[in-house]
Amino acid sequence: MAIMAALQQIDVALFDKVFHLGREYKAMTKGAITLSRSGDGYLQILTPALVWLSGSLLAPTYAAALAVAMLAERIIYYIMKNTLKRLRPCDFKKNFKSLIAASDKFSFPSGHTSAAFCFSTITIITFGGAYTAMFIWASLVGASRVVIGVHYPGDIVAGAVMGSGIAVGTASMLNIW
């Protein structure tokens, strides 16, 4: 238990530094809100539709892999979040208010981050190419969730590992890796 308490202290201290840095730089806060919204799930629906409409030979593979990976990611995310029940910063820290209202009650893992990394990883596995841009975007979605005050850095790391791991496992299971 002492290890968990120490990790919680480190996570809260990192959260405080990142959140307050965002409050000092208004452009950072505005950018974080926009990046957070980009992880709301619209890209996970729009992208396979656009790929399908493009006539790509990889469209059926991509659509199937993304659908399976995102379904698994959402199920695992929901079970973990509602089993572990880590309080969000606004519920844990007295006199603290995040910049947006979170869509659910608990913090761990970050669903936005998990979904962004799952989406990015499946996209990269299927098409190759701009892996740096995809992972930078997914990382910024995760970081934005700390800047706007709804997640701790540990939630982001867990979401990134979980989302990428589910995508790799899905790709392996479907033999597209």
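Is E73 buried or exposed in this structure? E73 is buried, with a relative accessible area of 0%. Please bear in mind throughout that the model is a predicted one.

A word first on confidence. The chain has an average pLDDT of 90, and 99% of the residues reach at least 70. Within the chain, helix 8 has the highest confidence, at a mean of 96, while helix 5 has the lowest, at 80.

Let me return to E73 and its charged partner. E73 makes a salt bridge with R74, where the closest N and O atoms lie 2.7 Å apart. The two residues may be set side by side: E73 is buried at 0%, whereas R74 is partly exposed, with a relative accessibility of 34%. R74 has a further contact, in that its charged end sits over the ring of Y77, at 4.1 Å from the ring centre.

The search gives 5 salt bridges by the rule applied, and I shall take up some of the others now. One of them joins the side chains of K81 and D104, with an N to O distance of 3.6 Å. This pair links distant parts of the chain: K81 belongs to helix 4, residues 59-84, and D104 to the loop between helix 5, residues 89-92, and helix 6, the two being 23 residues apart. K81 is buried, with a relative accessible area of 2%. D104, by contrast, counts as partly exposed at 24%.

Which residue forms a salt bridge with D155? The partner is R86, and the closest N and O atoms are 2.7 Å apart.

I turn now to the aromatic residues. Over the whole structure, 5 aromatic pairs are found. F117 is buried, at 10% relative accessible area, and F135 is partly exposed, at 29%.

A second pair, F119 with W137, has its ring centres 5.9 Å apart and its planes at 80°, and is therefore edge-to-face. Because F119 lies in helix 6 and W137 in helix 7, this pair also ties together parts that are 18 residues apart in sequence. F119 and W137 are both buried. Elsewhere, ring pairs connect F15, F19 and Y152 into a cluster.

P109 is located in the loop between helix 5 and helix 6.

K85 lies in the loop between helix 4 and helix 5 and is partly exposed, with a relative accessible area of 46%. N175 is in the segment after helix 8 and is exposed, at 69%.

G41 is in the loop between helix 2, residues 26-38, and helix 3, residues 42-54. G41 is buried, with a relative accessible area of 17%. Although G41 and H112 are 71 residues apart in sequence, their C-alpha atoms are 8.0 Å apart in space.

Which residues make the nonpolar surface patch of about 520 Å²? They are I3, M4, L7, I10 and L14. Of these, L14 is found in helix 1, residues 2-24, and is partly exposed, with a relative accessible area of 41%.

Notes:
Residues numbered from 1 in each chain as written. Heavy atoms only, no water. Patch = residues over 30% accessible without salt bridge, like charges linked within 9 Å, V, L, I, M, F, W, Y side chains within 5 Å. Areas by Shrake-Rupley, 256 points an atom, 1.4 Å probe, with all protein chains shown as cover. Salt bridge = Lys/Arg side-chain N within 4 Å of Asp/Glu carboxyl O. Helix = DSSP H or I, 4+ residues; strand = E, 2+ residues; numbered from the N terminus. Buried < 20%, exposed > 50% of the residue type's maximum accessible area, 1.4 Å probe, protein only. Phe/Tyr/Trp six-rings, centres within 6.5 Å; stacked < 30°, edge-to-face > 60°. Lys NZ or Arg CZ within 6 Å of the ring centre and 35° of its normal. pLDDT = per-residue confidence, 0-100.
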